[in-house]
Each structure stands twice: as C-alpha cells, then as structure tokens.
Amino acid sequence: MANATHEAGYGPLPRQIPYIIANEGAERFSFYGMRNILTPFLISTLLLFVPLEDRAGEAKHVFHTFVIGVYFFPLLGGFLADRFFGKYNTIFWLSLVYVIGHACLAIFEDNLTGFYCGLFLIALGAGGIKPLVAAFVGDQFDHTNKKRAKVVYDAFYWIINFGSFFASLLMPLFLKNYGPAVAFGIPGLLMALALLIFWMGNRKYVHVPPAPPSPDSLTRVSRTALLAKQPGQGRPGLVVAGLGAAGAVASLLMSFSWGFVIAACTALVLLLAGWGIGTAMQLERARGHHPDAAVEGVRAVLRILVVFALVTPFWSLFDQKASTWIVQANTMTSPVINLLDWEFQLLPAQMQAVNPALVMLLIPFNNLVIFPLLSKLGLEPTALRRMTAGIAFSAFSWLVIGWIQVSMDAGTPMSILWQLAPYALLTMGEVLVSATGLEFAYSQAPASMKGSIMSFWTLAVTVGNLWVLIVNASVKNDAVLGHIGETGLSVIAFQMFFFAAFAMLTALAFGLYARRYKMVDNYRASAAVA
C-alpha cells in the first residue's frame with residue numbers, strides 16, 4: 001500500500017519543510033513590514049525637500065524603483081546558486097546582507113544616502129534569495145511525494161501572507177507612534193530570526209549540488225542555434241537577436257532622458273526578447289551539435305518565458321496597491337471602527353492588511369470548495385487556466401478602483417472602506433496567479449536550471465514595475481496630458497482604466513497561449529541527493 005502511495009506521488013511530507021515555512025513567514029514579515037510603510041515614510045519624512053505637489057509622484061518612483069531592484073537581483077541569486085554555491089549557501093549569505101540592509105534603514109532614518117544604501121542592500125538580499133527559497137522547497141520533493149508539493153506551495157504562500165498581514169497591520173502603527181527607527185528596526189529583527197531558523201534546519205535539508213559547467217547548457221545550445229549556417233538559408237534568428245542587442249544599447253544611451261532604471265530595465269527586456277525569439281527561430285539547427293534532450297530543454301525554457309512575459313501586466317497592477325492605492329486612500333475618509341468596545345481608525349497603509357488576510361482565507365476556500373466544484377462540472381482548474389482567470393480578476397479590480405477615483409474627482413466623498421471591493425478582486429487574482437506560478441515555474445524548469453527559472457519568474461515582477469515607471473513618466477509629457485484631458489478623466493483615473501485594459505487584453509492573450517502549452521514534469525526521480 002505504501003509503495004502504491006509513493007508511486008502515485010502521495011508519499012509523506014519531508015520533515016524539514018517546517019523550517020523553510022517558518023523562515024519564510026518571518027522573512028516576509030520583515031520585507032512587507034518595511035515595504036508597506038515605505039511610501040508613507042517617504043511622503044511624510046524623507047522627501048520633505050521635494051515640493052508638495054511632486055512628493056507623492058517621487059515617492060511612487062522610489063518605491064517602484066526599489067521593487068524593480070528586488071525582483072531584478074533574483075537573476076544574480078539564481079546564477080550563483082545554480083553554478084557555484086548551491087541554494088542553501090546562497091540563501092544564507094545573502095540573508096545576512098538582507099539583515100544589514102534593515103539595520104541601515106533603522107540607523108539612517110534621516111539620511112538620504114544611508115537610507116537608499118539600506119534599500120539597495122535589502123533589494124540585493126531579498127531579491128537574491130527570492131527564487132531560491134521557493135526552488136529549495138521543491139528540492140525537498142521527488143517523484144514519491146511530488147503530489148504533496150502543491151499543498152506545501154500553498155502553505156508556503158499562506159505563511160507569506162500570514163507574515164504580510166501582521167506586518168501590514170502593525171508597522172503603520174509603529175511608524176505613527178514610535179517613529180521610523182523602531183518601525184524599520186522591528187522588521188530587521190524578524191529577518192535575523194528568519195536567518196536563525198533557516199540555519200537550524202541545515203542538517204535535515206536535501207542539498208541539490210550546483211550543476212557543473214555543461215557543453216550542452218542553455219546558453220551554449222542557444223549560441224549554436226544562432227550561429228549555425230544552413231546552405232541556401234540566411235540566419236534570421238541571429239538578425240533578430242542582433243536587433244534586440246542594438247535596441248538594448250540604444251535604450252542604455254537614453255539613460256539621461258529616461259533615467260537609468262527605466263533605460264537599464266528596458267535594455268534587459270529587449271536583450272532577452274531578441275535572444276529568445278531569435279533562438280526559437282533557429283533552434284532546430286542545434287540538433288546534431290547537441291543531444292536532443294538539451295535542445296528540447298531549451299525549447300521548454302523558451303515556452304516558460306513566454307508564460308512569464310504574459311504575467312508581467314498582472315504585476316504592474318498588483319504592486320501599485322502599495323503606491324497608487326495608498327495615494328488614493330490618503331484622500332479618502334477613514335471611519336472610526338468599533339470592534340468589541342475597541343475603537344480604532346484605519347490608516348491608509350493598513351488597508352494593505354486586507355490583501356494577506358483574504359489570501360489566507362481564499363487559498364483553503366479555493367482548494368476545498370471552488371476547485372473541486374469546477375472539477376465536478378468538467379472545468380478542470382489547471383495551472384494555466386487559474387493564471388488566466390487571475391489576470392482577468394486583477395483587471396476587474398482596477399475597473400472598480402478607477403470608478404472610485406472618478407466618483408472622488410466628481411466631488412463625492414468616499415470612505416476608505418470602498419477599497420475593500422477592489423482589494424478582494426485583486427487578491428483573488430493574486431492567489432490564482434502568484435501562488436500557482438511558484439509551483440508551475442518549478443515543475444516546468446529543467447533540473448539544471450531550477451534557480452535560474454525561478455529567478456526569471458521574479459523578473460516578471462521587475463518588468464511589471466517597469467511598465468508602471470514608463471506610464472508614470474509618459475504622463476509628464478504635455479501631448480499625453482492633452483489627450484488625457486480630452487477624455488474628461490483626471491490623470492490618475494485615466495491611468496487606472498489604462499492598466500485595467502492592459503490586463504484584460506493580456507488575460508485574453510494568456511488564455512490563447514495556454515491552450516497550446518504542453519505541461520511537463522521535471523521533479524527529481526529519487527530522494528537520495530547528497
């Protein structure tokens with residue numbers, strides 16, 4: 001019976017999982033604790049030298065630049081883990097950098113250079129470990145218990161939001177009542193605790209060693225495909241890759257007018273797009289030079305990257321709940337709430353606690369009620385179907401938040417509680433996209449590229465925030481402002497409806513691509529890994 005259970009993939013859960021889950025809960029408290037008070041702190045304290053009318057815009061720019069950094073550095077973390085140090089060592093040492101970054105925020109609360117240095121270190125530490133912890137969870141499973149992985153990834157995502165909920169609820173109060181040194185210091189202590197918990201489980205973990213250099217790696221197969229010649233045929237893929245590289249150089253040259261962050265991120269997107277499309281066009285030319293398995297592995301990676309690219313608009317909507325939605329909440333009325341004879345007034349930043357609270361409710365509700373019901377109706381909720389629906393839910397949330405903004409622009413006073421509806425829609429989208437995407441990314445990644453593929457998953461968040469910076473920069477153009485004025489909408493309302501349409505079109509494209517995508521299974525074959 002036990003063997004049948006193992007063969008079906010329902011073997012026992014790995015005993016080391018609680019260490020990783022507890023580490024993630026404390027780490028996410030530390031990250032969201034500082035992230036969710038970052039915009040209010042910038043507006044009220046650090047950016048007082050900026051004119052009042054420009055302060056909210058500058059705070060949003062700093063916030064999304066920081067988020068871009070957090071989700072860019074996974075590329076570095078994934079590379080170091082896959083090629084040199086392994087996941088455990090990379091997570092441990094970058095977590096130490098993470099702790100030092102938190103310390104800088106607490107110490108340099110009134111020093112612009114010191115504070116931004118702390119944000120950089122947190123971006124490096126948090127970003128570097130982000131894809132690796134999720135991939136490290138997957139390493140603890142093999143074919144005997146792979147069906148348990150979805151439950152653990154859901155628990156993994158649940159604990160993320162458990163930490164985020166209490167951070168979102170408590171840190172704005174600490175910032176208001178005790179000042180930034182305490183408010184930024186507490187997340188630093190939680191990150192130190194997370195590092196301690198992770199270290200305590202070291203001897204129980206399955207450690208998958210970094211892959212040695214391979215003559216059939218993704219980059220070498222891609223290079224062979226792009227450079228290979230065939231009689232009587234050109235090399236259109238190489239031309240496309242070259243155009244992507246040229247576009248990347250041109251983007252970098254625009255740094256002085258666009259700003260370095262926008263220029264560098266756009267350059268990265270163009271470089272990856274040119275390489276990916278060009279390689280796909282000529283991939284068959286690599287056969288004979290490399291094993292068929294290596295060529296198919298590259299094809300799998302390229303297909304995964306298309307999925308990731310189509311998810312980027314979701315992140316452009318999701319991450320603005322900590323910037324655009326807070327700016328809107330600052331202009332709304334906040335009622336006094338009486339709960340069991342305890343009166344309190346919601347702060348704008350505390351509204352973000354609604355998101356993780358709903359996540360903790362929706363994950364079990366979906367797994368126990370919605371997904372089984374859909375299966376009985378013959379609508380199997382596959383990973384890609386769930387992600388398609390999630391992007392559409394995010395679009396609906398921005399339609400509602402846009403309607404709220406239009407009402408306020410018309411002079412109608414709106415309570416901050418009106419944001420509950422868009423938060424609910426956006427959170428359903430998050431559960432369907434983000435929680436699903438973690439397991440999808442790991443299961444589809446070739447064995448030698450687990451960390452790197454997970455880093456590409458997080459890079460989608462960087463690109464999502466890049467769209468936000470580009471849109472925010474474009475509305476500073478007089479011609480664009482003139483067109484917006486002709487619609488009768490305020491700039492912020494126009495942006496909200498723009499992002500809603502952006503996500504809805506993406507959901508349609510994602511759904512069409514998902515119908516053609518063939519799922520693969522890349523879990524380990526056995527548990528005995530040194």
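Modeller: Buried means under 20% relative accessible area, exposed means over 50%, and partly exposed lies in between, with a 1.4 Å probe and protein chains only. By that rule 20 of the 27 residues of helix 13 are buried, and the helix is mostly covered. This is a predicted model in which local features need pLDDT of at least 70, side-chain atom pairs count only at pLDDT 80 or more, and totals for chains, interfaces and linings use all residues. Residues are numbered from 1 along each chain as its sequence is written, and side-chain values use heavy atoms, with hydrogens and water left out.

Colleague: How many helices and strands are there in the protein?

Modeller: The protein has 20 helices and two strands. They are DSSP runs numbered from the N terminus, H or I with at least four residues for helices and E with at least two for strands.

Colleague: How much accessible surface does the protein have, and what share belongs to carbon and sulfur atoms?

Modeller: About 23,000 Å², with 70% belonging to carbon and sulfur atoms. The area comes from the Shrake-Rupley method with a 1.4 Å probe; for residues, only the protein chains shown count as cover.

Colleague: Why does the span of helix 6 agree with its number of residues?

Modeller: The expected span is 1.5 Å times one less than the number of residues. Helix 6 covers residues 112-139, so its 28 residues should span 40 Å, and its end C-alpha atoms are 41 Å apart, which agrees. Helix 13 (residues 292-318) reaches 39 Å, close to the 39 Å expected for its 27 residues.

Colleague: Where do the kinks in helix 6 and helix 13 lie?

Modeller: The bend at a residue is the angle between axes fitted to the seven residues ending there and the seven starting there. In helix 6 a kink of about 30° lies at lysine 130, shortly before proline 131. In helix 13 a kink of about 30° lies at threonine 312, shortly before proline 313.

Colleague: What makes helix 6 largely enclosed, and which residue caps its N-terminal end?

Modeller: Of its 28 residues, 23 are buried, so the rest of the structure largely encloses helix 6. The cap is asparagine 111, with a side-chain oxygen 3.1 Å from the backbone nitrogen of threonine 113. A polar contact is a pair of N or O atoms within 3.5 Å; within protein, one must be able to donate a hydrogen and the other to accept it, and residues adjacent in sequence count only if both atoms are side-chain atoms.

Colleague: Why is phenylalanine 29 called buried?

Modeller: Its relative accessible area is 11%, so phenylalanine 29 falls on the buried side of the cut-off. Phenylalanine 29 lies in helix 2 (residues 17-35). Contact means heavy atoms within 4.5 Å, and beyond four places in sequence phenylalanine 29 touches residues including Gly163, Phe166 and Met171. Its C-alpha atom is 9.6 Å from that of alanine 194, which is 165 residues away along the chain.

Colleague: Why is threonine 436 buried, and what does its side chain contact?

Modeller: Its relative accessible area is 6%, so threonine 436 is buried. In helix 17 (residues 420-444), the side chain of threonine 436 makes a polar contact with that of arginine 386 at 3.2 Å. A polar atom of that threonine side chain also lies 2.9 Å from the backbone oxygen of leucine 432.

Colleague: How do you know that tryptophan 398 is buried, and why is alanine 309 called partly exposed?

Modeller: Tryptophan 398 has a relative accessible area of 0%, so the label is buried. Tryptophan 398 is in helix 16 (residues 383-409), and its side chain reaches the backbone oxygen of leucine 317 at 3.4 Å. Alanine 309, in helix 13, has 45% relative accessibility and therefore counts as partly exposed.
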